[in-house]
Amino acid sequence: MASRILLIGTARWAATLRRKYEVARARSGLQARLYTGQRFSLIIVDAASMYVSGERICRNIRARFPDSTLLLISASANAASAASADITLRASLTARALTTAVSRLLTADPNDVIRCGPFTLNRRARFLQAHGRQAPLSPKLAGLIELFMSRPNETLTRADIMRHVWKTAYLDDTRTLNVHIRHARKLLEADPQKPAYLRTVRGIGYRFEVALEKI
């Protein structure tokens, strides 16, 4: 059975997607409410075609369709709504880039995706969604960010981090850890020089501070 996709925005991608998938379309976020209760493998919010940021639409779609993967097409490289989206693509993308992204999202194991605060990490594909941008990660950097995202608001000692990510208890030279922390902050922080998320706990290690949704 073909995966079902809900496309919100203009019909410019509909023909391309219908070659492989079952596609329903809504011209706006408001019209998308008509599909509440239905199941979609993927929801595409083409905010660029509607000349909006997509922030409100993505937030509402996430609330109405919590089990669906959400892809945002934005005119901005720093879309505020990206916190609600699993992946954000620029409006200048090609049909091939879109179908590649859709295929990757639909074949991904949900267990490969970790969401924590405003961040989304795909462990298998090793890319991080943060501040409206997607960044590919090296294996060690992915492991480091995964460790912090899986243990939010918990102080991790440098020994904890070295043991989990580098599989060693050797602490005489932690320059590698320092370098990876700097790289992680470049991705996680709006201002790496004034970290708001990946905080240093002096004399101990680091803590990944995020506000978690109450269940």
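Is R151 buried, partly exposed or exposed? R151 is partly exposed, because its relative accessible area is 23%. Here buried means under 20% relative accessible area, exposed means over 50%, and partly exposed lies in between (1.4 Å probe, protein chains only).

Before going on, note that this is a predicted model: local features need pLDDT of at least 70, side-chain atom pairs count only at pLDDT 80 or more, and totals for chains, interfaces and linings use all residues. Residues are numbered from 1 along each chain as its sequence is written, and side-chain values use heavy atoms, with hydrogens and water left out.

**Stop 1: salt bridges**

The term stands for a side-chain nitrogen of Lys or Arg within 4 Å of a carboxyl oxygen of Asp or Glu. E154 is partly exposed, with a relative accessible area of 32%. Side chains of opposite charge can pair when their charged atoms come close. The structure holds nine salt bridges.

Next, select R4 and E22. They form a salt bridge in which the closest N and O atoms are 3.2 Å apart. This pair links distant parts of the chain: R4 is in strand β1 (residues 4–8) and E22 is in strand β2 (residues 22–26), 18 residues apart. Helices (H or I, at least four residues) and strands (E, at least two) are DSSP runs, numbered from the N terminus. E22 is partly exposed, at 38% relative accessible area.

Now select R207 and E209. The closest N and O atoms of this salt bridge are 2.8 Å apart.

**Stop 2: the largest nonpolar core**

Select L128, L144, F148, M149 and I161. These are the residues with the most contacts inside the largest nonpolar core, which has 27 residues. A nonpolar core is a set of buried Ala, Val, Leu, Ile, Met, Phe, Trp, Tyr and Cys residues joined through side-chain atoms within 4.5 Å. Among the elements that give two or more residues to this core are β8 (127–130), α5 (139–150), α7 (175–188) and β12 (205–208). Which element gives the most to this core? α5 does, with seven residues. In soluble globular proteins, nonpolar side chains tend to be buried together.

Stay on M149 and show its contacts (heavy atoms within 4.5 Å). Not counting residues up to four places away in sequence, M149 touches I114, R115, C116, F119, T120, L121, L128 and F208.

Move to T120, found in strand β7. T120 counts as buried, because its relative accessibility is 5%. Leaving aside neighbours within four places in sequence, T120 is in contact with residues including A85, D86, V113, F127, Q129 and M149.

**Stop 3: helix α6**

Select D160, I161, M162 and V165, which are buried in α6. What do the buried residues of α6 pack against? They pack against α5, β10 (155–157), α7 and β12.

**Stop 4: two positive phi angles**

Just after α6, select K167, which takes a positive phi of about 55°. K167 is a residue other than glycine, and its place is in the loop between α6 and α7. K167 is exposed, with a relative accessible area of 67%.

Then select N153, in the loop between α5 and β10. Phi of N153 is near 60°, a positive value in a residue other than glycine. N153 is partly exposed, at 38% relative accessible area.

**Stop 5: the largest pocket**

Last, select S41, D67, S68, T69 and P110. Of the 26 residues that line the largest pocket, these are the closest to its centre. On a 1 Å grid over the protein atoms alone, a pocket is an open set of points where a 1.4 Å probe fits, with protein on both sides within 12 Å along at least five of seven lines; lining residues have an atom within 4 Å of a point.

The largest pocket has a volume of about 600 Å³, where volume is the space filled by probe spheres set on the points, and points are joined across faces, edges and corners. β7 gives the most to the lining, with three residues.
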